[in-house]
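Please find below a briefing on the structure shown here. It is arranged by topic for reference alongside the coordinates.

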Amino acid sequence: MISINGLHKSFGKLDVLQDIGLELATPGVIAILGPNGSGKSTLIKLILGLVLPTHGSITVLGESIDHSYQYRKYISYLPQIARFPDNLKVRELLDVIEDIRGKSRIKASLIDYFGIETFLNNKLGHLSGGTRQKVNLVITFMYDTPIRILDEPSAGLDPIAMVALKKLIEEERKQDKLIVLTTHIIPMVESMANDLVFLLEGSIYFHGAPGELKRKTETNNLEEAIAKLMIRSGTPIIQSSANTYGSLLNPKMLKE
Amino acid sequence: MKKIIIYSLKDLLRSNWIYFYSVFFLLTTMALGWMSQDPLKVVVSLLNIILILVPLVSLLFGLMYIYNMREFTELLLAQPLPRMHVFGGQYAGLVIALSISCLAGIGIPFLILSLHQTVIWFQVSSLCVVGVALTLIFSGFAFFIGLRFENRIKGFAAGLTVWLFFAVIYDGIFLWVLTIFQDYPLEKFTLVMSWMNPIDLGRTLLLLQLDISSLLGYTGAVFQHFLGTVWGKIMSGGILVLWIGIPLWGVRRLAKRKDF
């Protein structure tokens, strides 16, 4: 459904993604993992046309996305940061999206599902972060698109909403959709993902099923497997954070 | 694009700043109207306020709007919409909201004043045209700067620099050049220089309507001689329109290849 070829992206001198080739042909849940700054969000934004590639090509459902916007009607996107115009009411925001994408048949049931009906007449600027994220989720799931791209869907959600979200994704997987998600919550990945893409410093370090990753790293636990993957790749993130904690916990420093 | 315009208008017309802006003009115009019985003087004083304030507010409010909308713009750009419709719609929404606010702030007091005294409607409407044109131009600059600088502090600094340049520094340089070369014929140079700054252009256009160009001395006569003709008016009007286009052309170029 999504095919990426020789994709390269740099911001000025900084190479964010290098030579990415990725074939997401079969429906299911694909988790994009990687340390902060590994290029997860950039990859997602490239697929959406928010970021333009330096080299390389992307096709969505067989259609090149270069200079096109129509292909985006097959994608629904959940942005990482849920911020909306402060002076609009929730109801009006949903209307804006419906104006753009057409009437949604399942809007009412989704509003009910995520329990935001009491907030419909509240201004978006007055909502809490978690409620805004629920509005964000309603906007994303309002349309029955073959592809969903979710950037950190669990951010700010309470456990109840989190379970609701998981159920929803589970439901959608059965409908043969392609769901691409980034998250730092490994249990969520473990229970849902068919496929893992592990990005490291702008390259694909591992692509395969979670079981395969466990086999390769000889662990039974995905969290451990991913930690091992980071250590083996010699990524400085673990070491430097260990150092930071080490120095923070240094009793000498505390005394001073 | 219409949908984007409507939603931005809905959002903007509920902003307190827009009301504040309107009320400021309302009070200023009322005060000027009550204090002076000479309608011409009211228009000239108001002109000076508009020439300074409209560019400043358009730039700062525009930048504030663009930076506040940053994440939502991203969501809109991920919808099946062409990029230019998103930005075009937001620009139109911003410009319409600011213009309504400015026009209401000037228009309502004059309507009230017209009950008691004569109002020179033609000049007042010219004043409004200049106000709207400056809103269009400097909101365009705000969009350009907002897209160019991701960092808000840099963006606001750039916005203030643009305003300072056109409102203050340009005139300073202009006067300085005029005094240095005062022995040479400078009429044509002056004319061209006044076209290169939208604020000056607005000022000359309006002062000519007010028929007080004689106050400007010999240069004023040259202005009147040229700009008073139909051709001169068309040309100045055309240049003002060109000024609206310049930042928008930049916005188009930036928006096409920008990463969000």
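This is a predicted model: local features need pLDDT of at least 70, side-chain atom pairs count only at pLDDT 80 or more; totals for chains, interfaces and linings use all residues.

Residues are numbered from 1 along each chain as its sequence is written, while chains are lettered from A and ligands numbered from 1 in the order in which they are written.

**Chain B overall**

- Chain B contains 11 helices and 0 strands, where helices (H or I, at least four residues) and strands (E, at least two) are DSSP runs numbered from the N terminus.
- Its radius of gyration, taken over C-alpha atoms, is 20 Å, close to the 18 Å from the globule rule for 260 residues, so chain B is as compact as a globular protein of that length; the rule is 2.2 Å times the number of residues to the power 0.38.
- Along the principal axes, the C-alpha atoms of chain B fill a box of roughly 55 × 50 × 35 Å.
- Of the 260 residues in chain B, 36% are buried, meaning that 20 or more other C-beta atoms, placed from the backbone, lie within 10 Å of the residue's own.
- Among contacts in chain B between residues at least 6 apart in sequence, 80% join residues at least 24 apart; a contact requires C-beta atoms, placed from the backbone, within 7 Å.

**Helices H6 and H7 of chain B**

- Helix H6(B) (residues 121–148) and helix H7(B) (residues 152–180) pack at an angle of about 145°, with axes 9 Å apart; axes are lines fitted to C-alpha atoms over the stretch in contact, and angles run from 0 to 180 degrees between N-to-C directions.
- H6(B) contributes B:Phe141, B:Ala142, B:Ile145 and B:Gly146 to the contact, and H7(B) contributes B:Gly155, B:Ala158, B:Gly159 and B:Val162.
- These contact residues comprise 5 nonpolar, 3 polar and no charged; Ala, Val, Leu, Ile, Met, Phe, Trp, Tyr, Cys and Pro count as nonpolar, Asp, Glu, Lys and Arg as charged, and the others, Gly among them, as polar.

**Interface of chains A and B**

- At the interface, 22 residues of chain A are in contact with 20 residues of chain B.
- Helices H1 (40–48) and H2 (90–101) of chain A each supply at least two residues of the side touching chain B, and H2(A) gives the largest share, 5 residues.
- That side of chain A has 13 nonpolar, 2 polar and 7 charged residues.

**Residue A:Ile204**

- A:Ile204 lies in strand S10 (residues 203–208) of chain A and counts as buried because it has 20 C-beta neighbours inside 10 Å.
- Leaving aside neighbours within four places in sequence, A:Ile204 is in contact with A:Ile20, A:Leu22, A:Val197 and A:Leu199.

Definitions and conventions:
Two residues are in contact if their C-beta atoms, placed from the backbone, lie within 7 Å. A residue is buried if 20 or more other C-beta atoms lie within 10 Å of its own, exposed if 12 or fewer, and partly exposed in between; C-beta atoms are placed from the backbone.
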